[in-house]
Amino acid sequence: MLKTFRIGGIHPEENKLTAQCPVTEAAIPRQVALTLNQHIGAPANCIVKKGDTVKVGTLVAEAGGFVSANIHSPVSGIVSKIDKTANAFGIYTQTIVIDTDGDEWEESIDRSTELNDKIALSTDEIIQRIAQCGIVGLGGATFPTHVKLTPPKEFTPTVLIINATECEPYLTDDHALMLESPEQILIGCRILMKAIGVEQAYIGIENNKKDAIALLAEKASKYPGIEIVALRTRYPQGGEKQLIDAILHKQVANGALPVSTGAIVQNVGTAFAVYEAVQKNKPLIDRIVTVTGDGVTRPGNYRVRLGMPIGELIEIAGGLPAEVSKIILGGPMMGKAVSNLEAPIPKGCSGILMLNERHAHRGPISPCIRCGQCVSVCPMGLEPYLLAKLSENHLFEKAEKESITACLECGCCAYSCPSNRPILDYIRIGKSAVNQIIRSRKQS
Amino acid sequence: MELTVSPAPHIHGKRTVSQCMYNVVLALLPAFAVSLYFFGIGALIVTLSSILSCVIIEYLIQKYLLKEKPTIGDGSAILTGFLLGLNLPSNLPIWIVVVGAIAAIGIAKMSFGGLGNNLFNPALVGRVFLLISFPTYMTQWPLPGTSRWNYTDAETGATLLSKLKEEGYQWIDQVSMTDLWIGNQGGSLGEVGAIALLLGFAFLLYRRIISWHIPVSVLATVFLFSFALNLGGGESLQDSHIWQSAFDFALIQLLSGGLLLGAIYMATDYVTSPMTSKGMVIYGIGIGILTVVIRQWGGYPEGVSFAILIMNAFTPLINNYIKPKRFGRK
């Protein structure tokens, strides 16, 4: 029996169209745009001005607080504009625009492809380097990695979990990365283990990636303390709480930090970025992005310089399909629909998914038939139909009692609803109202 | 180019409301075939007129009374009509079937606000309405296998359960279990064939339209409760015959009357049953206990319909107090 989490979950059609596509280098973009709030936490502070010359890896914006991240230039060239521009979702945010000129890298970056498995830095130096290099969680949450590696004093981490589940349909960037750079990932994992002072690490991979499981298991014998765990394919296994439950059989208490179980979870892409930062002194300037969907002519897993316009990457993948109707950053379950193709690719972008007219729209809504599907698939053990109804009727106090704030927004409820009801939309409204109530209660 | 923007999730499972309904209709076809075999033309006339009148009544109410877009295509009225038909004797005159359909769709479903809002199972309300209003028509059951081409003038007799109730249990040994399994017994037209009904149950489980919780807890409760009752009434527990007869008695309770039809197809109605698996088990046990209590001590020989309707009334209460196991809580 393969391990998996214990409550709820669904198994949507996997549609991993690009599973067999090796990582392809995308051409260097002519221009990049770097939004200053592409991570969770305080926006970064711009430290360059218009007209400055930058190289690949030059720091252009400094972390704006402890929970924040540095931003580096992914290209060499000249800063042409610092202004508010619309991001992928149409929201105006402070952005640094750099016009590319050649491809000159900072000398401090080791560009050799040689594997370096000697971890020379101390624990503190590792965390410092990770912070300097602007590493954030690459699974999509973009939480600054150095913050996650320094948990509050009262918690002692006992185990590291690497999230390589890639439970979202369509996405294959982590899969491609594991097949391309297994040893780098394992060394990155050893570095993270050293950073948090643990001797045990698990790499959780869903069983629909058997080749990656076999490859990493083979290479892992050289690296003590790392165990590869095959997991039953089930969404949302990549949720931090679900993954800890699946691997350690422990449930994070409501409202507690995941580290209270002793586990620190990092994405597999983050482990790779940590390897590059610590062993090669390379800041986070590129990542793998899966470009996929209905009618895409050259779908694949592209290594992309961050800040490349979304439209340019779509061109590389064969251009916009004629019938495209919706474009999503991330996976189909939790990704966000894009309105602006000129906007840049941010650090947290794991995929670009294009859906045609038929798949882009929701079906007609009919009345709730109280079938209980949403209750049985909810991975947090909530009652989505009830939370949606309470939110719809503005009964927020009641919704709070029914634990609406525990909702992950994974979308299993809305996915499974035979009546096509917008359950999660209502829950989101209720959740933000309840959070506001909780905040104002704390203030008074 | 226009891009569609909407919040996640951007994909949807394949299941739809009408698919759920039609799957239940499919699951009922074996039982319907059994009733056609044993009751002949009457079964066909009663079932078809029930389905047609339910659909037409829903259409008329939605179109002319509520002035909204009719949704008869969702299959729920067809299913209600089918279930109502299966719950009636095969010699029932059409006009009484129509009255039942009006009670089911008009009173139990549409006056509560239509699909999803009704408190009680519409088909059962229809059946119970007829049982109370037309007791003579609703307690004369055509004999199986005789005169398949006779409709309202079919030869009738009592059901096994009413015989048990009136004449006592002396002749339990003479009951043919095979007849109960295949459906060679008197009763409402869809309830007789145990194997066919269980076949449909397996299909519904396989298609994941329903879960095991409600049917299994109803059937297990009825079986164990009846078994214990019969055992308690016996003389000496040392006698192996006592155990055997208690087992036979409990099995007869399981296979006769409307229990299988009710437990598998009526009690599991989404709208009127609890949302959580724990709640479903409580609800099922409640139906089981009430069924046995009515059969043993009540005024009617059969109590499944009443038991389900009574537990329907408890469903909101169960939903209110029985919560799923929340993640990360003891």
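This passage describes the interface between chain A and chain B of a predicted model, and then two sheets and a salt bridge within chain A.

The model is predicted, so that local features are reported at pLDDT of at least 70 and side-chain atom pairs count only at pLDDT 80 or more, whereas totals for chains, interfaces and linings use all residues. Residues are numbered from 1 along each chain as its sequence is written, chains are lettered from A and ligands numbered from 1 in the order in which they are written, and side-chain values use heavy atoms, with hydrogens and water left out.

Chain A brings 60 residues and chain B 34 residues to the contact between them, where contact means heavy atoms within 4.5 Å. The buried area (the accessible area, for a 1.4 Å probe, that two parts lose on being put together, summed over both) is about 3,900 Å², with carbon and sulfur atoms giving 57% of this value. On the side of chain A, the residues that lose the most area to chain B are A:Ile369, A:Arg370 and A:Tyr415, which together account for 17% of what that side buries.

Between the two chains there are five salt bridges, a salt bridge being a side-chain nitrogen of Lys or Arg within 4 Å of a carboxyl oxygen of Asp or Glu. In one salt bridge, the side chain of A:Glu13 meets that of B:Lys14 at 2.6 Å, N to O. Polar contacts (pairs of N or O atoms within 3.5 Å, of which, within protein, one must be able to donate a hydrogen and the other to accept it, residues adjacent in sequence counting only if both atoms are side-chain atoms) link 23 residue pairs across the interface, with both residues at pLDDT 80 or more. Among the elements of chain A that each supply at least two residues to the side touching chain B are helix H6 (240-248), strand S15 (324-329) and helix H14 (423-443); helices (H or I, at least four residues) and strands (E, at least two) are DSSP runs numbered from the N terminus. Strand S15(A) gives the most to this side, with five residues.

Within chain A, four strands form an open sheet with parallel pairing, in the order S11-S10-S9-S12, where two strands pair if DSSP finds at least two bridges between them. Strand S11 (226-231) and strand S12 (263-267) stand at the edges, each with a single partner strand, so one side of each is left without a neighbour in the sheet. The twist averages 25° from one strand to the next. Strand S9 (residues 159-164) and S12(A) run parallel and are joined by five bridges, and A:Ile161 stands opposite A:Val265 in S12(A).

A further open sheet of chain A has four strands in the order S2-S8-S7-S4, with antiparallel pairing. Here strand S2 (31-35) and strand S4 (53-54) are at the edges with a single partner strand each, so one side of each has no neighbour in the sheet. Nine bridges join strand S7 (residues 77-86) to strand S8 (residues 92-100), with A:Gly77 opposite A:Thr100 and A:Lys81 opposite A:Val97. The hairpin of S7(A) and S8(A) has five residues between the strands, and in this hairpin A:Gly90 takes a positive phi near 85°. S4(A) is joined to S7(A) by two bridges, and A:Thr53 has A:Ile78 as its bridge partner in S7(A).

Over all chains, the count of salt bridges comes to 28. In one of these, the closest N and O atoms of A:Glu25 and A:Arg303 are 3.2 Å apart. Because A:Glu25 lies in strand S1 (residues 23-25) and A:Arg303 in strand S14 (residues 300-305) of chain A, the pair ties together parts that are 278 residues apart in sequence.

How values were computed: Axes are lines fitted to C-alpha atoms, for helices over the stretch in contact, and angles run from 0 to 180 degrees between N-to-C directions.
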